[in-house]
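This report walks through a protein model from a few single positions to the chain as a whole. Please keep the sequence and the structure in view while reading.

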Amino acid sequence: MEAALAEELNEIGQINKTLHVHTQVPGGVHCSGELSDAYRINLYSRIASRCLLRMAHSGYINENDIYDLTLEQPWEDWFGYHHTIRVDVTGIKCPLKSLEFATLKIKDAICDRFRDQFTQRPSVDTKMPDMRIVGFLDARNFTVYLDTSGEALFKRGWRLETGDAPLRENLAAGLLRTAGWKPGIPLLDPMCGSGTILIEAAQMLAGIPPGLHREFAFEKFGSFDQEEWQAIKDQVKLTHIPEVPSIFGSDISGDAIVMTRNNLNKAGIKFEVPLKQIEAQEIKAPTDAPGILLTNPPYGERIGVRGDGSLEPDDLARDFFSSFSTTLKQRFTGWSVFLFTADLGLPKFLRLKESRKTPFFNGALECRLFRFDMVAGFNRREEAKPKSDA
């Protein structure tokens with residue numbers, strides 16, 4: 001989601017011109033600005049997982065170099081010995097034998113610096129720390145960061161209940177952006193589960209920033225400016241509640257519909273999001289104007305939850321997606337259909353030719369966002385067409 005994140009950061013940068021977006025790197029985007037820009041990224045970014053403040057960057061040979069560079073940093077300017085800390089280290093092509101030992105050296109350096117200055121040191125809390133320190137190692141360079149976010153940014157603070165295999169909120173936001181959805185375009189999720197895609201879209205439509213109702217690590221920084229933070233939140237402008245619904249959801253499970261409705265309420269959505277308990281094969285386009293259908297369809301055992309227990313999972317999937325494909329072709333002409341799945345053979349089950357497929361990772365699971373443009377006619381896969389005699 002690096003390209004989507006860079007695009008989003010550029011939009012956030014339009015609020016205050018001090019934020020500058022630089023290069024995309026695997027798993028992230030480099031940007032620079034004032035500390036208040038970090039406040040804004042945490043408040044507004046739907047796609048980022050964390051906003052990390054780079055403390056130092058240098059070449060290294062061994063763990064002692066990592067310790068020395070960490071020891072030199074003025075940690076006491078950012079937090080106190082009464083705060084708890086956690087250190088996490090990741091590496092790509094790192095020649096060190098143990099990342100755990102590197103993690104320990106970073107922790108020791110921070111604690112030694114506090115002990116030298118104040119005769120007291122921060123305690124370690126791996127579950128709910130006040131401050132998170134992140135180290136990154138490649139083949140030659142070491143970078144150490146201070147996490148401004150605290151809890152991961154996908155934790156918006158609204159989720160009450162989840163169904164099977166829920167999407168992370170920032171992944172749902174990335175899928176919406178990649179699909180090209182914008183407020184006002186009709187949106188349907190016919191297998192909505194606990195409603196993550198619908199809620200992200202509804203908050204975007206309402207103008208509710210994802211971080212409006214949660215706390216962040218930067219609020220415990222020694223340099224934290226409460227008045228500036230409040231002023232940034234006061235700049236939030238909620239949009240007018242639409243009179244005509246444009247976001248719709250359905251699911252075969254009544255429990256999922258209840259979960260989605262409860263989560264919508266907790267997320268502060270005051271307008272109607274029509275929800276219906278119905279099988280995906282039976283749905284109809286909810287608006288006369290074509291829109292976007294975006295969903296994370298079930299597969300394997302999840303299809304069998306309410307299916308025919310006598311059928312093997314592959315047979316279940318084949319029957320389900322065959323019926324669903326017929327529904328799409330007959331009832332969703334003009335719509336753009338986006339299916340997010342770890343089943344890379346999904347187009348074969350649907351007997352449809354995708355117009356685009358975008359790779360994503362859902363955690364460690366490799367997935368694809370398949371796009372199907374529902375034009376008039378069957379739109380079958382090319383190889384399924386009869387070959388001419390010529």
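Predicted model: local features only at pLDDT ≥ 70, side-chain atom pairs only at ≥ 80, totals over all residues.

Arg351 sits in the loop that runs between helix H11 (346–350) and strand E13 (356–362), and although Arg351 is not a glycine, its phi is positive, at about 60°. As background, most residues other than glycine have a negative phi.

Thr119 is another residue that has a positive phi, of about 60°, without being a glycine. The loop that holds Thr119 lies between helix H4 (99–118) and strand E5 (123–124). Is Thr119 buried or exposed? With a relative accessible area of 67%, Thr119 is exposed, because this value is over the 50% limit.

The largest nonpolar core has 47 residues, and the members that touch the most others are Trp75, Phe79, Ile133, Leu137 and Leu146.

Asp37 belongs to helix H2, which covers residues 35–44. Asp37 counts as buried, because its relative accessibility of 3% is under the 20% limit. Leaving out residues up to four places away in sequence, the contacts of Asp37 are with Asn16, Thr18 and Leu19.

Leu99 is found in helix H4, and at 31% relative accessibility Leu99 counts as partly exposed. Which residues does Leu99 touch, not counting residues up to four places away in sequence? They are Val89, Thr90, Gly91, Cys94 and Leu137, and Leu137 is also one of the residues that touch the most other members of the largest nonpolar core. Leu99 and Glu63 are 36 residues apart along the chain, while their C-alpha atoms are separated by 9.6 Å.

Asn141 lies in strand E7, which covers residues 141–147, and with a relative accessible area of 27% Asn141 is partly exposed. Apart from its neighbours within four places in sequence, Asn141 is in contact with His57, Ser58, Gly59, Tyr60 and Phe136. The C-alpha atoms of Asn141 and Ile66 are 9.6 Å apart in space, although the two residues are 75 residues apart in sequence.

## The chain as a whole

The protein chain contains eleven helices and 14 strands, and its C-alpha trace spans about 80 × 50 × 45 Å along the principal axes. Of its 390 residues, 47% count as buried. Among contacts between residues at least 6 apart in sequence, 76% join residues that are at least 24 apart.

The accessible surface of the protein chain comes to about 19600 Å², and carbon and sulfur atoms account for 50% of this area. What are the numbers of positive and negative side chains in the protein chain? There are 47 positive and 53 negative side chains, and the centres of these two sets lie 4 Å apart.

Definitions and conventions. Residues numbered from 1 in each chain as written. Heavy atoms only, no water. Helix = DSSP H or I, 4+ residues; strand = E, 2+ residues; numbered from the N terminus. Buried < 20%, exposed > 50% of the residue type's maximum accessible area, 1.4 Å probe, protein only. Contact = heavy atoms within 4.5 Å. Areas by Shrake-Rupley, 256 points an atom, 1.4 Å probe, with all protein chains shown as cover. Lys, Arg positive; Asp, Glu negative; His and termini not counted. Charge placed at Lys NZ, Arg CZ, Asp CG, Glu CD. Core = buried A, V, L, I, M, F, W, Y, C linked by side-chain atoms within 4.5 Å.
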